[in-house]
Amino acid sequence: MYDPSGPGRLLFGFFAAMAETERENIRESILEGLDAAARKGNHGGRPPVITDDMLHTVLRRRANGETVEDIQPDLLIPTGRRKGQHPSLSSIYRALAGHEKTQAYPEAVETAHADFATLQQRDRSPE
């Protein structure tokens, strides 16, 4: 039971400080683990539905005049929970929009890659 007078307040403050310290330790451990996994090339999250090969297939076939609706039944998702199924039309259109962004701003993509490489070099260098 919480007693707001003297000893109760002191005990409550002590437990609050200990809980805060433990929470910070957990957070730091999680961030270190995520960083170590990223350096090994493991990134969390879902696997992509539209792979680079699928995107190139869609781009090539669209250049030949086919519609996305005609192309979609020929594509299969290679990994994940929906492995072996066809991607949705919205996934294909989203991948196409992302591709168009990278084509519209190639210098931004190059800058991002350079910044990422710099960060990786900095993380790998001994201190």
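**Helical architecture of the predicted chain**

The model is predicted, with local features requiring pLDDT of at least 70, side-chain atom pairs counting only at pLDDT 80 or more, and totals for chains, interfaces and linings using all residues. Residues are numbered from 1 along each chain as its sequence is written, and side-chain values use heavy atoms, without hydrogens or water.

The chain holds 5 helices and 0 strands. Both are DSSP runs numbered from the N terminus (helices: H or I, at least four residues; strands: E, at least two). The order from the N terminus is α-α-α-α-α. Helix H1 covers residues 6-39. Its 34 residues should span 50 Å at 1.5 Å a residue, and its end C-alpha atoms are 50 Å apart, so the two values agree. The expected span is 1.5 Å times one less than the number of residues.

The radius of gyration of the chain is 25 Å, whereas a compact globule of 127 residues would have one near 14 Å. This radius is taken over C-alpha atoms, and the globule rule is 2.2 Å times the number of residues to the power 0.38. Along the principal axes, the C-alpha atoms fill a box of roughly 80 × 40 × 25 Å.

Of the 127 residues, 13% count as buried (under 20% relative accessible area, 1.4 Å probe, protein chains only). Contacts are heavy atoms within 4.5 Å. Among contacts with a separation of 6 or more, 43% join residues 24 or more positions apart.

Note on methods:
Buried < 20%, exposed > 50% of the residue type's maximum accessible area, 1.4 Å probe, protein only.
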